[in-house]
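Subject: Structure for your review

Hello,

I am handing over the structure we discussed. Please look through it with the notes below at hand.

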Number of protein chains: 2
Amino acid sequence: MSVTYREVKADILRQITRGELSPGSAMPNEVDLAASYGCSRATVNRAMRELAEDGIIERRRKAGTRVRRNPIRHVRMNIPIVGQEIEDLGAAYRYALVQCKAEPAPNWLRARMALKHDDRVLHLTCMHYADGAPYQHEDRWINLSALPEAEQTDFTNVGPNEWLVSTVPFTDAQISFHAVAANAAISDYLECTEGDALFQTERMTWLEGRTITFVQLTYRRGHRVTMQY
Amino acid sequence: MSVTYREVKADILRQITRGELSPGSAMPNEVDLAASYGCSRATVNRAMRELAEDGIIERRRKAGTRVRRNPIRHVRMNIPIVGQEIEDLGAAYRYALVQCKAEPAPNWLRARMALKHDDRVLHLTCMHYADGAPYQHEDRWINLSALPEAEQTDFTNVGPNEWLVSTVPFTDAQISFHAVAANAAISDYLECTEGDALFQTERMTWLEGRTITFVQLTYRRGHRVTMQY
DNA sequence: TTACACCTTATGTCTATATCTTTCAGGATC
DNA sequence: GATCCTGAAAGATATAGACATAAGGTGTAA
C-alpha cells in the first residue's frame, strides 16, 4: 500500500510538535496536501479529521484548517463497574446489600431526577469490599415508574449496578466528581473518621429521556481516579 | 445524497437500545448491511467504526461484529485552562503569583518526576480567583533541566500554565483526581476551614519522554467536575 | 492427537471521482 | 452605510472498486 492515513497523521503531528507548523498558522488545503503526500484526498481527510477530533487542529469549511492556538486537551475516561475495578486491582470483591426500600421520592430527589409528584423510587444502600476492607459505599435511587421490575428484583446477591447494566444497557448519563466530608453514617461504613475528606461520584442515568437512576458513590479514604492523555 | 453514515449509525444504535439487537449477538457483515441500507460499504464502515469507538459494538476481522455485552462506558473530559474555566462561569478571573523559587528537587519529587540527582526545579505557588474569591490553589514544579528558560521567565503576570501551554504545547500527561483535607496553608489561601474536604487534581506532563512539570491544583470548597456520556 | 500450512472471510484502508453543505467575500440594492 | 443575494472555496460525505491484513477453520502431516 502507498501512503496511509496514519503516516500522514503522524507526519503532520510531528511537524506540529517540532514547531515547524506553529499554533495559529493555516495549513494547506486537502487537495494540496494530497498532492504533496502523493495520496488521495480521502486519506488526507481521514488524517485531518482525526487530528481535529483530537483537538490538535481546527477545521472550518471555506476558512480552511489551522493549528489550534490552545489545543483542546481531553481525556477519555473509562467508567468501570466497581466489581471489575476491584478485581483489576488484584483484590477479592465482595458485595453487601445494606438496605432496600421502595418509597415516595423525597423532594430534593424529585427535583434532581425530574420526577412527577407521585412517582415512587427504590432506595438502595450497598457496600463494596476489596479483600474484606470497605472500598465503596453506594447510595442509589431507582425510578420505579420507569423500571417497575426493580421492585420485584432481589438485590441481596446481585448489585444494582450490575442488574441495571444487564437490564437497561446503553443509557445516557451525567457524572460528577467532588470531595465530601464523611458524615457519621458514611464514616461507619467506610471505617474512617467523621469529617475525613472522601472522593465521591454522582451519576444520573437516562434512557430515551426518562430518568432511570441516581447514584452517589463514596470511596474509601485516599481513592484516586487516574487518566492519561 | 442518499443514506448517510449518521443515519446508519443512528438506526443501528436505535435497534440496540430498543433491544432488537441484543448484547452479545452477532451483526450482519458490512456487505450485507450496505445492501440492506442501500448504501455503499464505506458508509456502513464509518457508522460501524464510530460505534466501535464509542464502545457500543466490538469488531474483529474474520470473526465479524457483535454488540458488546458490557458496553465500554467512557467519557471525554475537557481539561480547561483555569482562566478559561472561570470566565466560562461568567466570573472575572484574577491571577496572583504567591511564590517562585528555583531549588534542588526534594526527594519525593525526584522520585515522582523521575529526575536525576542534581536536577533543579522551579517551584511556583499561585492563586486563581473568580470574582475576587479564591477559586484554585496551584502548586507547581517545573523541571529546569528540560526547560531552562523557565528560570528567566517572569510569572508575576502570566500564569505558569498559560506560559507552558504556549511554550511546550502538545505534551503527554497523566491526571489524577482525589479528595484532600485542607491543611493550614491551603485553608488560608482558599479561605476555608482547616480539615475541609477539597477536590484536588494532580497532573504530570511529559514532552518526548522527558518530565516537564508536576502540578497540584486544589479547588475551593464544593468544586465539581461534571461530564456527560 | 497435535502442529502447521493454507484457504477463506470480514474488517481495514486506499483511490478516484462526484456531490453536498457551510460559510466567506464581493457586489447589488435599498 | 446597511442589508440581501450570489458565487466560490474548502471541508464533509457518498460511491464503486481494489487490495491489505488479521484471524477463524480445515486439512494434512508428524
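In this predicted model, Met27(B) touches Ile12(B), Leu21(B), Met48(B), Ile57(B), Thr65(B), Arg66(B) and Val67(B), leaving aside residues up to four places away in sequence. Met27(B) sits in the loop that lies between helix H1 (5-17) and helix H2 (30-37) of chain B. Its relative accessibility is 9%, so Met27(B) counts as buried, the cut-off being under 20%. One of the contacts, Val67(B), is 40 residues from Met27(B) in sequence, yet the C-alpha atoms of the two are 7.4 Å apart in space.

The other topic is the interface. Here 48 residues of chain B are in contact with 48 residues of chain A. The two chains bury about 4400 Å² between them, and carbon and sulfur atoms give 54% of that area.

Between chain B and chain A there are two salt bridges. One of them joins the side chains of Arg224(B) and Glu202(A), at 3.2 Å from N to O.

On the side of chain B that touches chain A, at least two residues each come from H1, helix H3 (41-53), strand S3 (74-78), strand S7 (172-181), strand S8 (197-207) and strand S10 (224-228) of chain B. S7(B) gives the largest share, 10 residues. By type, that side of chain B divides into 24 nonpolar, 12 polar and 12 charged residues.

Regards

Methods:
Residues numbered from 1 in each chain as written. Chains lettered and ligands numbered in written order. Predicted model: local features only at pLDDT ≥ 70, side-chain atom pairs only at ≥ 80, totals over all residues. Heavy atoms only, no water. Helix = DSSP H or I, 4+ residues; strand = E, 2+ residues; numbered from the N terminus. Buried < 20%, exposed > 50% of the residue type's maximum accessible area, 1.4 Å probe, protein only. Contact = heavy atoms within 4.5 Å. Buried area = accessible area lost by both parts, 1.4 Å probe. Salt bridge = Lys/Arg side-chain N within 4 Å of Asp/Glu carboxyl O. Nonpolar A, V, L, I, M, F, W, Y, C, P; charged D, E, K, R; others polar.
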